[in-house]
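Take a moment to open the model and have the sequence beside it. We will then walk through a few places together.

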Amino acid sequence: MEWEDPSPGVVDPEVRAHVYSLVSALGGAGADEDGRYVLGDDALACLKDLKKWLKLYDEKANRLDVARCLAEANLVSGDLLKILAAWPEDATEDRLKSKIALACLELLVPLTWPIEKDEVQMTVNHHRHVPYLQLAQVSYKRAILDRESAQVLRTAVRIGLPSIALPMGERISRDEGIIKLLLYFFRNVAMIAPPQNLPAEADENDISRSATIEAFHYQEVLALLLTIASNMGEDFNTQDAIIMEVLFHLVKGVDIEKLFMDDAQLDATKTDELQALLAKEAGMHRSYAKNAPTRHNRFGTMIWMKRDDARVSTVSGQGALGNSQQTLSKMDQSKKWNRPKQRRKDAEPLQNHFDIAVPLIGNAKIHLRGFVEEFLDSGFNPLFSHIRKAIEREADRILDSHAQQFFFLVSWFLEAERVRRKTKEEADKKNKMSDVFEADSFALVASVLNQETFILLNRFMQSQLDSKSWQDVNAGMRCFTQILLTVQEMSESTIYEDREIAENIQNRIFYEESTHDRIISILRGYKDQGFGYLDACTELSHVFLRMLERYSKENLDLQVRSRRRARRKKKIPESENGPSNDVDDQDSEAEDIAEAQRVSRERKFDFTRFSAKFVTQHCVDTFVSFLRYYNDLKTEQLKRAHRFFYRVAFKHEMSVVLFRLDIIALFNKMIKGPEGLGVSNPMYREWDELVRQLIKRMIKKLEQRPELAVELLFSKINSTVFYLEYGYEKQVISSKSRAPAELEVKGAMTKDEQIGVGVAVVIGNKPEAVDWVKDVLYSATIERQSWEAEAEARRIQGSAPETGENVDPADGSPRAPSISELILNLSLSAHPDYVIVVKPDNEERRIAMFKDNKLRLLMCLVGFERIGIDDEPDVTWIIPSAITSHDLKETHDILERHRDNPIMQYGDEEPMAAEEMLRRKPTVKPRANYDDDSEDDGVVSNGDEDFLFPAGGPTNRKSDALEELKKNRRKRNRLHPDQPTEIDEETNEARRKARDQANLEKMRKIKSDLYVHDSDEEEDEEKDNEFFAREKQRRERQSIKVLEALRTGNLIGVAEADGKSGKSKKRKTQGSGAPKQKKKRITEQLSGSEDSASNDSDNDEEMIITSGASSPPNRRAFETSEDEASETPVSSQHMHSSQELKHIEHAEEAKESHTQPSSPMRVLVRDKVDAMQLDVSGEDDEDDAPVVPRAGRRVRAGLLADSDEE
């Protein structure tokens, strides 16, 4: 035992005293024993006490004081390792020594356990002890791997062999603990590495990866690992994760290609690398020799450089004196802004980084290669299938880092298998054994080429990508890349089964569109994640794109499945009378299933469309960042970048994306220098040709688009790329969003119940929406009440008793109201036509009023109406004027009641949820204009035909199809009295089709007068003046005739004379002397008025059709004057009103002289006139053809007006 000077004040003195006393009592080297280590009397108890101190003080108190004291006391090298070395191999029966050796192993494991402390969780105590303990662990590993003193690893294997030899069913928990303790000890030894920020105390080769592998090989540790891995799942169950950790720390960073090279190949590779390094060094010397320092350049130098704009720039340093290129480069370096980089906190422990290359020296390469080959042959499938199942079920022993290690090891061993097969094939061809060579099957790695592994890999990559765990994403990308490369080799295998399996795997991988999108998002999302991540993402995109292109060419009907999330079922809040807890559990389970469910659809895959997604500025920036390391890239990596830029510039014709100054400068530097690619590089010629063609295109594009000179400074967005490529802006047609389907409440429910259903379906989603509707109703009620009160006050004021203002002062009679008073009374008597506009309270509510069909249903149920087009997002909602304040208050009370106590289920026997009470509102198709009266058909046959002319204009006569049908029916009944009157369905159908065909033929023959005159809509002032002049003459002529008729009382004579002047075909009257004949003639004339109205279309004057003996002429004239005044144009109202006043005075005198009672003839005339009005405005429903009715003559209280008056 060797003591070190303790650090005062670092550890509690009492703790140090107790620990030192236990270490002293453990044993030591005695002079009487020739320097051999001698155990103390209570060595086993001391070892157990030290274990308790580590567990109860350091672990419980989260301190490292005991470990620091044990490191200062040199417990591991001075005591524990010597105790293990003193245990002879043949002393297997000595139980005390076995227990002491096990106790030493129990102390070695916590002392060598890797120190992983987060900076946030570290305390002052940790900052004091961690650096010292890390250096102490390095010394522990050096002592453990030293084979000259003792084979400690072999002794540790002997400790665990009795437990390992037992069958898994016979092992107890102690045996499982011993095996786990042994494997953790191996893991710790393989994991310990010299700290990067601390100085090395001795030769690092003693603890290097090569030394660890050689020690594991010579002391049978690799054989033990291989035995446990090959029997995983049979004799071992819970040791899979620890075995995987040991393998991870043994193979991470190892170059697989160099691992499987023989000595000759390895020597040739080393020679090539040495030549490359010597050439690079010579180039550096040549560039340095051009400006080598002399005895005159020890002084400072500052020069002025005159630029084109007559400005002067200052450049300092002797490097600016070489040539103009160096001067400009020196000036650019001085202008360059080195952006300060923020310190990125790496949450990943340094031990888990696998991108750092580790060289193998000596025999370590041979030993590791042999172990890898044996592991691939026997242990790969059992171990990794067992670990995959443990990760899937999230076993307790699985940590967060195990998934990353699993996918990295899968990628490493898959690449090792491919390289091994390639090396074996080359060796067989070299030895001329190709005739007898048979390709091996890929069954040795089949456990990671199944669908379960693909599902786990996709889920792992997506989850880590979302959580931005870049090191885990890196491991997943490497695994996916090696799986693709392995599948590609399987597709080229000579074994039929391997080709079939490869075809199936490619179909499954490329079938999911989510996989395609993930590759693109990873490539676009690169941003300072490190070179290892950059290399992995560019390799994955390159391999995936190349394999997908090849597979899509071989399978032209490739289908991909795109997925979208299904609509989630919203959780309905529970009411006071809600269901039980069992029902809630079922609902929540169904909701979880619906939430995880996805709606999928298939579509044909288009590779050109998919590869165009890689031609974006972000993808280009990722490969540009990768190409900046061109001096350190391998030939395969340079080829990968070259293929991408070639695809962008020439396959997709999107070279505009590469026209950026920094990209062009990088390409030019690669070829022209300084520090460019060497001419001897295998990829130099290809890059030279690519850069030359790209610059040629850029110069040509600059001539076509001068705007590119400005855009060279910036990245290109899609619109800019399109404009630079085609010379005009891209026309984008914006698609309008459609309104959701309208809903309605099922069944016959009252308004109260319907509003309750609407509140129940909305309140589960957005309870604030129900409150908003309630507030709108409340404010609308108050506003409507104020309007109604104002209208009532105006009505009371307008109906006040007559005062002196409304009485004529001359005779005391009521005077006629003025025009303004008439307008005021009319406005007060009418219903106030005002509406209330419903306005959303925020932007979210405005969107919900258009997209939320349940909220729209509730708004319709409470009386809101929609104005405008349904598919318009900003459609206006109003509360119509027909709804009174009382109705609004009643609706508000109903809504408030259901808001406080919503009813979520309806029905007694079979309760139904409120959402189940809704259904889509059926849409009604509009009937065609020429549709017949049958209600069975919505549209007649060929109803979609577009006719040249619509039906329009006056018709010559009214259709007499109904009379013909009646006449034919009477004739048929008379000729065939025995024939039944019932008609079967076939006859009805035939007649209906015949009617439809006749309608179509008639519609095709229509030459409507609506489209004949082109200038109908034009305004002509001269024609308007002529028209109003003719109208004025007609009215004056008609007024003279009316006065003459009132004076003489010979109204029929006037009508007869007017009929003759108008060349009508009416019967001639016989004068005014025979009343009976006159009445008969008038009745006949009235009965034929329909024909007269249809035939007198050219009549320009009005005809009086009333009897002078039966009705007072003054009354008729008065009524006529009122009606005509109501429709007389404003330009002729003054003259006409003066004439009518004379008519009225004459009528009053006639009324006083002879007043006769009204005869039945007047009633007959009025009834006939009403019948004529109804008949003219109506339409015969049984007409065969759709006849547009001609407006009949207006009847103005005994006067017929021709259509020209209209």
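**Charged pairs in helices**

Glu 1031 counts as buried, at 6% relative accessibility (buried means under 20% relative accessible area, exposed over 50%, partly exposed in between, with a 1.4 Å probe and protein chains only). Its side chain meets that of Arg 1034 in a salt bridge, 2.9 Å from N to O; the term stands for a side-chain nitrogen of Lys or Arg within 4 Å of a carboxyl oxygen of Asp or Glu. Arg 1034 is buried too, with a relative accessible area of 16%. Helices here are DSSP runs of H or I, at least four residues, numbered from the N terminus.

Elsewhere, salt bridges with shared partners join Asp 377, Glu 417, Arg 420 and Arg 421 into one network. By this rule the count comes to 43 salt bridges.

This is a predicted model, where local features need pLDDT of at least 70 and side-chain atom pairs count only at pLDDT 80 or more, while totals for chains, interfaces and linings use all residues. Residues are numbered from 1 along each chain as its sequence is written, and side-chain values use heavy atoms, leaving out hydrogens and water.

Now turn to helix α15, where Arg 388 and Glu 392 lie four residues apart. Their closest N and O atoms are 3.1 Å apart in a salt bridge. Arg 388 is buried at 6%, whereas Glu 392 is partly exposed at 35%.

Technical notes: Helices (H or I, at least four residues) and strands (E, at least two) are DSSP runs, numbered from the N terminus.
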